[in-house]
Amino acid sequence: MASGNYPEESLLLSLINLSLSGHGSSTSRTHQPSPMPPIMTPPFSQSIWADHCPSNTGGANLQYMPWNLQDETMRVNLNSGFGVVLGLEDSDIILLSNDQWSSEYLQKLLCLKDSRIVNKMMGVVYSFPIYLMTHQYGHHLFVKLIESCDEEQRGLITTTITSDDELFLTASVSKFGSLCIKRLIKKLVGSPLISLVISALRRIFKDTMLNGKGSSVIIYCLETLSDQQNELLYVAAINHFRDLATHVVGCVSLNNFINDMRGPHRAQLLDLISCHAAFLSKDPSGNFVVQHVLELRDPILTQKICFILRGKYVELSLLKYGSHVVEKCLKSPGMAHYVVEDFLKSRSQLFHLARHKYGNYVIQTALKVTKSENISLHRRLLHELRDYHDLQFGYGRKLYNLIAAGVPVGGSV
């Protein structure tokens, strides 16, 4: 390439100079890009630096370039830069995409929808798809490409990024990669190509749902696509519900999934959770999933959970997280009798709960709920707690104060 006697070359050279800033003399042939995972590190060619030096840049600074495509002069400058960009190696374009202003220049070229530039960028995606998608500035170039290419080219991109589960997972759980996949999903709505994305997400479903960014991609599918298109994801949730429910991030992802799930598979998943309520209620994460199902106020599911937990309410009330499930059961319309009958089986056990750091809150809730909904059950509880003066110390003090005040109806439950 001849040295910069043309405006378009000066423009691109300024991009190169920006990419090299802060890394020593631009005459050096040993410059290395920012570190990348070994599997993604491209063999950067030296051709991009071969015939240029700082004197060729003409002092251009892309930060102040007029990026208005309505400006005919700017269109001419962009078009005249094609030859320079087309002559670069894919690895060199990746390096330029690492810089904010260089990436913007390449995006502006794509805006012109010239097939030569689109095809050039397609080659970059084939060579380094995940690195481009997960980079702070490079992901903007990926998004612009999927918006600029045609359906056939979009299909090739989709095939490329979904064919390797490990790399697709890497993109799905990253901040910028997840954004790229969502934009691709948006462009594929109504296209049979969406099945490639759904199939890939199904294969990495559990690992994706155990990550906040990854789960947002799957939830986006539920929000954007039809029940039929999401069916594989529904089945995957059913298959992995236990692993998700007992994970600190997975339980949140599963609750969000339930909120956007529709159709018969949703009922199947909720029934499974209800059947496993005894195990999940004891789990530090799983209890949140049981609580979430109770909060749906489905009378059939609520009764099933409360029935399954019979004989376990005392044990759960002594647990930090389990006690919250018991309180949710108490507050569920018509379900308090399941809980209170367990408490009334042993007076000594009832007083143990009343003095316990977690159990005392459960007994307070039981008294408030039964006074409003089941007065006979309320009186039986009070009768068993008739020696409540013994509760004046320790964790029982709040319960003592509540009983002494007459357990106000309509109080906070």
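**A chat about a predicted helical protein**

Student: Which side chain does Asp387 meet in a salt bridge?

Tutor: Asp387 pairs with Arg347, and their side chains meet at 2.8 Å, N to O. The two sit in distant parts of the chain, 40 residues apart: Asp387 is in the loop between H26 and helix H27 (397–404), while Arg347 is in helix H24. A salt bridge here is a side-chain nitrogen of Lys or Arg within 4 Å of a carboxyl oxygen of Asp or Glu. Helices are DSSP runs (H or I, at least four residues), strands are E runs of at least two, and both are numbered from the N terminus.

Student: Before I go on, what kind of model is this?

Tutor: It is a predicted model, so to speak of a local feature we need pLDDT of at least 70, side-chain atom pairs count only at pLDDT 80 or more, and totals for chains, interfaces and linings use all residues. Residues are numbered from 1 along each chain as its sequence is written, and side-chain values use heavy atoms, leaving out hydrogens and water.

Student: Back to that pair. Which network is Arg347 part of?

Tutor: Arg347, Glu384 and Asp387 are linked in a network of salt bridges.

Student: What about Asp271?

Tutor: Its side chain meets that of Lys304 in a salt bridge, at 2.5 Å, N to O. Because Asp271 lies in helix H17 (residues 264–275) and Lys304 in helix H20, parts 33 residues apart in sequence are tied together. Asp271 is partly exposed at 30% relative accessible area, and Lys304 is partly exposed at 27%.

Student: Let's zoom out. How many helices and strands are there?

Tutor: There are 27 helices and 0 strands. Of the 413 residues, 50% count as buried. Contact means heavy atoms within 4.5 Å. Among contacts with a separation of 6 or more, 74% are between residues 24 or more positions apart.

Student: Why is H23 called largely enclosed?

Tutor: Because 6 of the 8 residues of helix H23 (residues 336–343) are buried. They are Ala336, Tyr338, Val339, Val340, Asp342 and Phe343. These buried residues pack against several helices, including H20 (299–308), H22 (322–331) and H24 (347–355).

Student: And which residues of H4 are buried?

Tutor: Ser91, Asp92, Ile93, Ile94, Leu95, Leu96 and Ser97. That makes 7 of the 8 residues of H4 (residues 90–97), so this helix is largely enclosed by the rest of the structure.

Student: How many residues are in the largest nonpolar core?

Tutor: It has 112 residues, and those with the most contacts inside it are Met121, Phe257 and Phe343. H15 gives the most to this core, with 8 residues. A nonpolar core is a set of buried Ala, Val, Leu, Ile, Met, Phe, Trp, Tyr and Cys residues joined through side-chain atoms within 4.5 Å. Leaving aside neighbours within four places in sequence, Met121 is in contact with Val85, Ile93, Leu106, Leu110, Leu141 and Leu145.

Student: New topic: where is His135?

Tutor: His135 is in the loop between helix H7 (129–134) and helix H8 (138–148). His135 is buried, with a relative accessible area of 14%. The side chain of His135 reaches the backbone nitrogen of Tyr137 at 3.0 Å. Beyond neighbours within four places in sequence, His135 is in contact with Ser97, Asn98 and Phe176.

Student: Last one: what is the average pLDDT of the protein?

Tutor: The average is 83, and 79% of the residues score at least 70. Over residues 1–9 the pLDDT is below 50, although this stretch has 18 contacts in the model beyond near neighbours in sequence. Residues 18–76 are also below 50, with 90 such contacts. The pLDDT is the predictor's confidence in each residue, from 0 to 100. Where pLDDT is low, the predicted coordinates should not be read in detail.

Notes. Buried < 20%, exposed > 50% of the residue type's maximum accessible area, 1.4 Å probe, protein only. Polar contact = N/O pair within 3.5 Å; in protein donor to acceptor, adjacent residues only side chain to side chain.
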